[in-house]
Amino acid sequence: MIYDKTPHPYAHFEHLPFAKEPLKAVYVFQRLFTTLVLVPYWVAYYGLLPHTHRPRASWGLKQIVYVNFTRRIYKVVEVAGVTFNTRDPESEPAPGTLKETRFEWAPPLHESLRDGAVVDVYGRVSFKRVGTFVWPKVRGAIPYLLDRPHINQAPLIGIFMHGGGYCQMSAHENARTSHIPRRLMRDGRFSEIYSVEYRLLQHAPFPAVIIDGAAVYAHVLKTRPNAKIVLIGDSSGGNLVLALARWIRDQNKLTPPSGLLLLSPSCDTSHAFPDVPSAYVARPHASTDYLTDTPEPRALLQRTFLGFNVPASDDIELKAEMEEEQRRLHEIIHSEYVSPASPKVLRRWGHNVDLYDGGKDGPGLTLQQLGIDPGTPICELPPTLQPENVGLFAGFPKTMVVIGDAERLTVEVGNLVRAMERDGVETKTRWVKDAVHDVLMIPPGWWDEEIRNEVWRDIGEWTDGFKQD
């Protein structure tokens, strides 16, 4: 199956003519066919060009074809509302279909933990059991760090939040993002990894993702009380990891995780919502990443994710409702749980900001004028220079961030890393030269494996650090 079959278009795609069958199939087929036709052209064209004229001089033809092909195919999401590799989060896989994992249900989040960001003030999101695909299939089948000298040393368990913009992919072992837990297990970095089947935006709006992540986290704590837990997330899964870690810190009811592993984390959802449309600035690296940056489709998905769906109308009452919705949308879109690296959030907490247009903002400019290092920890600034809010990331566990320098999230991730470091988080950042978004998720053979193996080794060294903690 080229794409997921659904009886009807999801509500947020109802307005798209090509979202309905058979037009959807026709559009997807023509897009796939014309893209395949372009492949030999790309091979011939870039094969004749000097390497210095390629999108990145280090890229081989396979990398160029992968980026161009993926970017062009992703257009079917915007035009026809196509989804890939998704599944019903309330269904259980058929017996005998799993080869690498086992399936477990985590019970709904306990009532005593239903506080803070997991509470939907509009009453739209319920607390449900959450499915998880657990690596390995047989418990203990893959030894954890064979060189461990002490039997009683706490095992390291990962909880993986898959990427896909909160509308694509799943936790199933066959989903593309499962290349990540598969490799981590193959390298023996974890004793187990729980891949969370959280509800995508087509099934429930925010805060469903935090509710589901919290349910699995509480479940693992209960069933593995002596384990060290690392929250792992790629792309939007990294966004969820940051939100879940914040909720755990803010509520202070559960043992915090030992670490966060963030792979190309999405951390500024607010980018698609400028204060005025004319102020929109595209994210960098359009020619070297497969991520698209069309503002309207991105804003549609993010509005749906956050549960804001009042249609445009000339009706006076509906107009008033729409204006109120816009006000609430901009309030939540710039919240610490949704956009922790939003320029507005960072400025609110006293951090410096690199802007998408190449400019800079934040208190660092004033500090430089006063002869103070802009990187000075906020808690060490003179009281008159400290912001009203202090400690955006204070109390977060040690963190590793992997980011490609050719991908579109470089600005927001750079802002995130600097803010975490300034708030005292032990942070290790791995910039991957000439790498696109979520490079570790790409199927084997389509990227420079030598480069990726170096990144996996760096991740391994980071996880080895938990043996000494």
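Start by selecting valine 130. Leaving aside residues up to four places away in sequence, valine 130 touches Glu104, Trp105, Ala106, Val196, Glu197, Asp212, Ala215 and Val216. The model on the screen is a predicted one. Valine 130 is found in strand 2, which covers residues 130–135. Is valine 130 buried or exposed? Its relative accessibility is 2%, and because buried means under 20%, valine 130 counts as buried. Along the chain, valine 130 and tryptophan 105 are 25 residues apart, and 5.6 Å separates their C-alpha atoms.

Zoom out to the whole chain. The chain has 12 helices and 10 strands. Of its 469 residues, 55% are buried. Take the contacts between residues at least 6 apart in sequence: 76% of them join residues at least 24 apart.

Next, select arginine 224. It lies in the loop between helix 5 (208–223) and strand 5 (228–234). With a relative accessible area of 16%, arginine 224 is buried, because the cut-off for buried is under 20%. Which residues does arginine 224 touch, not counting those up to four places away in sequence? They are Arg102, Arg139, Ile157, Glu192 and Tyr194. Show their side chains together with that of arginine 224.

Go to threonine 6, in the segment before helix 1 (23–48). Threonine 6 has a relative accessible area of 22%. Then pick valine 82, which is 76 residues from threonine 6 along the chain. The C-alpha atoms of threonine 6 and valine 82 are separated by 9.5 Å.

Now colour two helices: helix 4 (residues 179–186) and helix 12 (residues 449–464). They pack at an angle of about 65°, and their axes are 11 Å apart. The crossing of helix 4 past helix 12 is right-handed. To see where the two helices meet, select Ile180, Arg183 and Leu184 in helix 4, then Asn453, Trp456 and Ile459 in helix 12. By class, this contact has four nonpolar residues, one polar and one charged.

The last stops are empty spaces inside the model. Rolling a probe the size of a water molecule over the atoms shows where empty space is left. How many cavities of 30 Å³ or more does a search of the whole structure find? The search finds two.

For the largest cavity, select its lining: Leu263, Ser264, Val402, Ile403, Gly404, Glu407, Val432, Val436, Asp438, Val439 and Leu440. The space in this cavity is about 50 Å³. Which element gives the largest share of the lining? Strand 9 (residues 398–404) does, with three residues. Colour the lining of the largest cavity by class, and it has seven nonpolar, two polar and two charged residues.

Finish at the second largest cavity, which holds about 30 Å³ of space. Its lining consists of Leu113, Trp247, Ile248, Gln251, Asn252, Lys253 and Leu254. By class, the lining of the second largest cavity divides into four nonpolar residues, two polar and one charged.

Key
Residues are numbered from 1 along each chain as its sequence is written. This is a predicted model: local features need pLDDT of at least 70, side-chain atom pairs count only at pLDDT 80 or more; totals for chains, interfaces and linings use all residues. Side-chain values use heavy atoms; hydrogens and water are left out. Axes are lines fitted to C-alpha atoms, for helices over the stretch in contact, and angles run from 0 to 180 degrees between N-to-C directions. Helices (H or I, at least four residues) and strands (E, at least two) are DSSP runs, numbered from the N terminus. A crossing is left-handed if the near helix is turned anticlockwise from the far one by less than a right angle, and right-handed if clockwise. Contact means heavy atoms within 4.5 Å. Ala, Val, Leu, Ile, Met, Phe, Trp, Tyr, Cys and Pro count as nonpolar, Asp, Glu, Lys and Arg as charged, and the others, Gly among them, as polar. On a 1 Å grid over the protein atoms alone, a cavity is a set of points where a 1.4 Å probe fits but cannot get out, and a pocket is an open set with protein on both sides within 12 Å along at least five of seven lines; lining residues have an atom within 4 Å of a point. Grid points are joined across faces, edges and corners, and a volume is the space filled by probe spheres set on the points. Buried means under 20% relative accessible area, exposed over 50%, partly exposed in between (1.4 Å probe, protein chains only).
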